[in-house]
Protein chains: 4
Amino acid sequence: MLKVAIIGASGYTGAQLVDLVHRHPAMELAGTFVSQSSADADKPISAIHGQYAHLSQYTLTPISDDTLITLAESMDLVFLATPHEASHDWMPTLSKGKAKVLDLSGAFRIKNTEVFEQFYGFEHTATECLDKAVYGLAEWYASDIAAASIVAVPGCYPTASLSALKPLAENNLLDSAVRPVINAVSGVSGAGRKAALANSFCEVSLQAYGVLGHRHTPEIEAWLGTGVIFTPHLGNFKRGILATITVKLKPGVTAEQLNGVYQNAYTGKPLVRLRDSFPKLDDVVNTPFVDLYWKLDETSGYAVITSAIDNTLKGAASQAMQCANLISGLPVSEGLVAQ
Amino acid sequence: MLKVAIIGASGYTGAQLVDLVHRHPAMELAGTFVSQSSADADKPISAIHGQYAHLSQYTLTPISDDTLITLAESMDLVFLATPHEASHDWMPTLSKGKAKVLDLSGAFRIKNTEVFEQFYGFEHTATECLDKAVYGLAEWYASDIAAASIVAVPGCYPTASLSALKPLAENNLLDSAVRPVINAVSGVSGAGRKAALANSFCEVSLQAYGVLGHRHTPEIEAWLGTGVIFTPHLGNFKRGILATITVKLKPGVTAEQLNGVYQNAYTGKPLVRLRDSFPKLDDVVNTPFVDLYWKLDETSGYAVITSAIDNTLKGAASQAMQCANLISGLPVSEGLVAQ
Amino acid sequence: MLKVAIIGASGYTGAQLVDLVHRHPAMELAGTFVSQSSADADKPISAIHGQYAHLSQYTLTPISDDTLITLAESMDLVFLATPHEASHDWMPTLSKGKAKVLDLSGAFRIKNTEVFEQFYGFEHTATECLDKAVYGLAEWYASDIAAASIVAVPGCYPTASLSALKPLAENNLLDSAVRPVINAVSGVSGAGRKAALANSFCEVSLQAYGVLGHRHTPEIEAWLGTGVIFTPHLGNFKRGILATITVKLKPGVTAEQLNGVYQNAYTGKPLVRLRDSFPKLDDVVNTPFVDLYWKLDETSGYAVITSAIDNTLKGAASQAMQCANLISGLPVSEGLVAQ
Amino acid sequence: MLKVAIIGASGYTGAQLVDLVHRHPAMELAGTFVSQSSADADKPISAIHGQYAHLSQYTLTPISDDTLITLAESMDLVFLATPHEASHDWMPTLSKGKAKVLDLSGAFRIKNTEVFEQFYGFEHTATECLDKAVYGLAEWYASDIAAASIVAVPGCYPTASLSALKPLAENNLLDSAVRPVINAVSGVSGAGRKAALANSFCEVSLQAYGVLGHRHTPEIEAWLGTGVIFTPHLGNFKRGILATITVKLKPGVTAEQLNGVYQNAYTGKPLVRLRDSFPKLDDVVNTPFVDLYWKLDETSGYAVITSAIDNTLKGAASQAMQCANLISGLPVSEGLVAQ
């Protein structure tokens, strides 16, 4: 059994990870931690997440520097479901031991450190860790992940977007004169578990935000290799992301060719479902899948692709688990779907 | 034109009042105020309530003691959509002038001051105002309201509950050995406009709260004249209250008799709709109506009544407006429904 | 008082019109009709739309050819909230009398009759009426509407889309090499009041539909004068449309210039609200407004505009009322917003 | 591996069972069937339930009388997720072979055949099967279930209600002069997968139905042994039931005594969670648990208990699986929760 610790276990993503590790047949959940300033310190998970009322055995231990060192040396896997700055600050210590570290924050997803100052508001000084970190888009970088000691688990919007766009970019089908337009709607859990007027029930209503300036834009562009126009929206639901992506393809690309590109990219990938109609958001909520469907207008060359994920699973916790499986030599979907 | 001021105009109820007064043919909105500590001070209403984006002329002025005195002397009507303690503290000053005061807080709804210590957490010292205050259940105390200088606008749950139960109590139909059971579900706006984890979108899900100890219980009991078991619930919607009320009637009461009691109580009351089937919550949302329907099992003597209101309208702002109409000698539904 | 009839008064849009006409100070609702095959024939509106439980005076009369002739001669205004084919078939008769006709279907919105065969599935033979019909986008064709006898009230998506895009097209700001991308999410009421598995509560979840083939695409393109990529979505809410529109502007267009274009287009238009941040859907639900906000990335030349409306009001009934006001020489917002 | 067939696999409950059996470590899903008249016949499950898009191996076979005989002889377990009448008609054939039958309809839940004529609208003639059927309330009749050949899986509301009330009734704590009042709100999936105006998205809004006459009332009363007032409501959510139950206890019952009764009833029952606060509906949605919490006012003797379940799981499919485990000699929670 792999020994596993989760740091930042009180949030929506962290609690989801607790459940995933608890149910994983090859993992033992050896520690669940929160920051020392957390109001949830020393509470059991079951007290703050009613859905996990039966998991009373896991208590949220406040973490210290000493704990980090101990975890690095004693665990096989450490999940970091922590704020960007915390991941940035703790990674140099955590990555010194035998533990493989899976970071769900944005702190190690992009190699260009200027992005952190501009979009994340802090100076990135953990350069060595950043160099070693592998981008955990599981279907695209599986062999790198398998060999990594640090995995930067992708953001939710980038996971939805890149799953749809990388087959086109890798096969050189995109018309470079027209930027892909990504419109995505996310459930409110993407904003995290916290008191904020903007997330209060009566204030939530479908709305664009972060227009032409969201921090996931450089992440998508870095791993796609081209500029995009990305507009995120807050939706009136708890979980899930639906991304609708409009692209212009190179002249002459056919629908058959487009289908082939997706089939080639994802055949044998158990957590990508190529659908035969446009997916509903609920098709993927509470699942680890990404669902894809597309349509091309051969006359104009424009195509529309939709990509649906659960933001706390494929967009965070279950993709982290895919990476943990890969890094541990297990099947990528172990503990996530029944065989 | 009646000159009107609204104190506490930044919350959901206060903003709703702004809109009602703005649209009222016989009223002029002469001032909109917030407490001096409000983060919304000096902003226009339109900046914080997108629904009222066209009402940019109304700015949220921070209130002072001097303002209170001026308002008391210069206004015809003052609405208080403020916390209980603020209403309690300001009423002695406000009620000294010519202005009639309509208080939407709980501070003047109950004559027994012990209730305030036990359920509201403050000592009630505005005894004279409390004595003068009239309970603003508009269909039941219209003549008292018309003659009042201070009106305590009822709570949302009491409005829904008493509208259903008073016809039974006034006609002495209730079996005194069995308490009426009131189960009610309220939209989240009932909790007010504020940042709180419990009201954040992802945390809201149908749930009982305040069980056997909610402050609206003594208010219902005081104006009904009998004990009840009241269980409020938070529902996953923004506005509205549906109360389902189970009562045991005295032996021999017939369905026809029950129908007659409701007809007698509400014929000629334009804001009560006696329905011919059980109302949906959406039937009343964004309306000033209370909808009632009931069914009696003559064999067992048990009856079920449901009562539906919009908590921010009939449960607060539009009932306050009914009171303002009555106190001003206008038709009770003026400015609320088209003739 | 203008005498008004509504045909197709049982649907969501028709019932909304009943309420608008009922509340209009210069109109008298003289007749409410449904088709002869309707299951709602001879019922009062109040029996099928609980929200209008107080409007028991309006009964749904089954319509006949004779009724059409009578209405044409006796009414000042007739609203058609009927299926496309019914509007198409009845218009020649209806338009023969003195009544001005406001058609909320798609049957008279586009001059090119081929569109009807391809996108609506019927052959258009009411050529004379089609020639006379004026497109009722109220802020853009006010003088034509004022002089019209037949108004084709725009579709919901075209209203949201054209309100955002026409200022750009009319001022020649769009880069003609890149199509505007319109992503819009509509509430389920847009699908009409009917039993259908796809609209049943458990089946509704955010989803794209009509991709690269929706009938509102040619309507938008006809009145914009340029091709677009339009992707509608069904959202998990009852009312409202939020359209997010991505455009590439001509080189050198500045943010200031863009602001000026919107100000010029909509200053003095009481039902368009130029916002100072991206609107929420709930800002416009149950209102007759269209809310607009935009942002330009001057470096890339891409801009994002969002446009929010209530699909049953500005997207149907209240825009029809704007047209009725214009055609009757009344202020455009009469009966829709308080002055 | 136990060979399992599911009849009625196209509905919400049936599809849920497909997923549960697919994931069960000791079961093999050998057949998925629908009625011959089903519009879904011969489609894969994945085509009609997007959530199970990865389960393309299971096709919905139309069932015939011959199939029933074959299943009875060749299967270990047959789940019937069929209408009441279909279960009634097919059970005599199905129960003749070696297969144990788990019926999720209401056809075998009550011994008194008069109930079926009054509440279900058909005459019950499968008397022998009715005699043999065991009521599948898993925590209360485990040994009977283990020995049964036919299990009548309880209704959703009765499961929620009886889980809360049986500890009180079995310990003789209820004041017999006052009926328990059960107010419950169910998600729309309880109405099944079908096109119906009443279940269409725009029509759904919190509302009481079946007042003083719902068919689950006699089921609750039969297994509780006392009369109740049960008022079901439709809620604006897809899954889950929250039942709020008000009871009057015998004089002198203490809170400590009440706690003890629940502890005694449910200690060692892995799918009942005795909570330490009132549960939210979302705590149980997508889980097989029933969550209980209660509060007693010792002065008045009234207590309020809330009970939360997922109607398609503990209220149907997962309780059927509990019964299937018991009848097969497996741990009751096998395949439902991680150990």
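Here are a few notes on a helix pair, an annotated domain and a chain contact in this predicted model.

1. Let's start with the annotated region. An unreviewed UniProt entry carries the annotation "domain: Semialdehyde dehydrogenase NAD-binding", which covers residues 3-148 of chain A.

2. Next, a helix pair in chain A. Two packed helices are described by the angle between their axes and the distance between the axes. For helix H8 (residues 156-170) and helix H10 (residues 255-266) of chain A, the axes come within 9 Å and cross at roughly 115°. Angles of 65 to 115 degrees count as roughly perpendicular, and H8(A) and H10(A) are therefore roughly perpendicular to each other. Their crossing is right-handed.

3. Which residues make the contact between H8(A) and H10(A)? From H8(A) come A:Leu162, A:Ser163, A:Ala164, A:Pro167 and A:Leu168. They meet A:Leu258, A:Val261, A:Tyr262, A:Ala265 and A:Tyr266 of H10(A). By class, the contact of H8(A) with H10(A) has 9 nonpolar residues, 1 polar and no charged.

4. Finally, do have a look at where chain C meets chain A. Each side is represented in the contact, with 34 residues from chain C and 34 residues from chain A. Between them, the two chains bury about 3,100 Å², and 61% of that is on carbon and sulfur atoms. On the chain C side, C:Leu206, C:Lys280 and C:Tyr302 supply 19% of the area that chain C buries against chain A, more than any other three residues.

How values were computed: Residues numbered from 1 in each chain as written. Chains lettered and ligands numbered in written order. Predicted model: local features only at pLDDT ≥ 70, side-chain atom pairs only at ≥ 80, totals over all residues. Heavy atoms only, no water. Axes fitted to C-alpha atoms, helices over the stretch in contact; angles between N-to-C directions. Helix = DSSP H or I, 4+ residues; strand = E, 2+ residues; numbered from the N terminus. Parallel < 35°, antiparallel > 145°, perpendicular 65-115°, else oblique. Left-handed = near helix turned anticlockwise from the far one by under 90°. Contact = heavy atoms within 4.5 Å. Nonpolar A, V, L, I, M, F, W, Y, C, P; charged D, E, K, R; others polar. UniProt positions renumbered as here; feature names shortened; annotations may be inferred. Buried area = accessible area lost by both parts, 1.4 Å probe.
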